[in-house]
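Open the model in your viewer and keep the selection tool ready. This tour moves from one residue to the next.

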Amino acid sequence: MGERKKAGLFDTTSINGLVLENRFVRSATWEGMAGDDGSCTERLIDLMVELARGEVGLIITGHAYVSKRGQAGPRQLGIYSEKLLTGLAGMADAVHKAGGRVVLQLAHAGCHAPYSLTGSEAAGPSRMEDENGLLCREMSIRDIQETVDMFGEGAARARKAGFDGIQIHAAHGYLLSQFLSPFYNKRGDKYGGDIVNRSRIILEVVERIRASAGRNYPLMIKINSEDFVDGGLSQEEMLYVARMLEKNGMDSIELSGGTPYSGRYRAFRKGRTESGDEAYYKSAAAKYKQEVGIPLMLVGGIRSFQVAEALVEEGITDYISLCRPLIREPRLILRWKSGYTARAACLSDNLCLRSVIDGQGLHCLWEDTAC
Ligand SMILES: Cc1cc2nc3c(=O)[nH]c(=O)nc-3n(C[C@H](O)[C@H](O)[C@H](O)COP(=O)(O)O)c2cc1C
């Protein structure tokens, strides 16, 4: 019997019918380029088209808020209302015309939705205070049900707008990640306590999305491999969540990590990774692959072609997901495909994040200062 062919970075694969030309994913990235009301803009569409022309196999949009109460940052993309549909449809259409595939990330910031943007008190799984005072109040059962519905409505809108699928944001200390995490979630009802209860809201969101957008609509999720805070979600619990999602018809899982309280272990770790320590969550991914069958996207710190190639060939992940490298070089994948496989130029200095927070719109600030 011949050996099974090794997986390769430029294989054609599919996720619930969505055909992808290679195994590279643009991980969701808040661009700060939407209108103040979350509407899609030409500038945002141009950025997406640039990524599609750069032949990223799958583009995931920046996190889009499903409810006005769930907005995390200024000029973030929204999907909370029908009035946003025309702009969103323009984005999906432009990416398709450029030969790309695009999935919309559905999000809610929960405790981290600032009053200055939402005009309402932030709410999460439990009341929480931090060094700045009250962070959020506890959501009622009714709040939870309404939020689950809003994820369902967001998914239906994404489908109507022509997106190729959706990704639920359940990582990085956003609302659904807060529910998963015993660091945030101290509830005593059926949504708190053990991991079965803490993952209940996600199962309800999945069920609601399937009801509103259909079983054949590609559905993905981003979760933490672990929270990297004392008393946070552990790797063992993540594996439970992943198995449970597989049983409940999830099509693919992206593995990340960290919360706003995780210090240097936040999702976007600062500082250059050397090839030996690229892929922050490699060991968690290896465990995932032993226990979970649905395709894995691995994000975090991957910078070299050779490392990406080995991760896929060794079966540690099915997809390579990149955020900051594609801010610096939207055409990185095309470059690698052409045979110029030098390491991504990204320095992981996080100045790109500053460009978004300062309201200039996402770009690599190093480029501003380089010449
Ligand atoms: C400017 C910026 C915006 C981001 N926005 C999002 C987002 O909207 N949704 C999300 O899930 N992760 C977001 N992230 C996290 C990235 O998707 C990714 O998980 C992290 O940067 C690690 O990958 P990298 O080392 O390839 O950059 C963002 C990161 C940065 C730097």
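This is a predicted model: local features need pLDDT of at least 70, side-chain atom pairs count only at pLDDT 80 or more; totals for chains, interfaces and linings use all residues.

Leaving aside neighbours within four places in sequence, Leu85 is in contact with Arg157, Lys160 and Ala161. Leu85 itself lies in helix H2. Is Leu85 buried or partly exposed? Count 17 other C-beta atoms within 10 Å: Leu85 is partly exposed. Leu85 and Cys111 are 26 residues apart in sequence, and their C-alpha atoms are 27 Å apart.

Next, go to Ala98. Ala98 sits in the loop between helix H2 (85-97) and strand E5 (102-107). Which residues does Ala98 touch, not counting those up to four places away in sequence? Select Val49, Ala52 and Arg53. Ala98 has 18 C-beta neighbours inside 10 Å, so Ala98 counts as partly exposed.

Two backbone stops remain. Most residues other than glycine have a negative phi. Select Asn16: its phi is positive, near 45°. Look for Asn16 in the loop between strand E1 (13-15) and strand E2 (18-20). Asn16 is partly exposed, with 17 C-beta neighbours inside 10 Å.

Finish at Phe228. Here too phi is positive, near 60°. Phe228 is found in the loop between strand E10 (219-224) and helix H8 (235-247). Is Phe228 buried or exposed? Phe228 is buried, because 20 other C-beta atoms lie within 10 Å and the cut-off for buried is 20 or more.

Conventions. Residues are numbered from 1 along each chain as its sequence is written. Helices (H or I, at least four residues) and strands (E, at least two) are DSSP runs, numbered from the N terminus. A residue is buried if 20 or more other C-beta atoms lie within 10 Å of its own, exposed if 12 or fewer, and partly exposed in between; C-beta atoms are placed from the backbone. Two residues are in contact if their C-beta atoms, placed from the backbone, lie within 7 Å.
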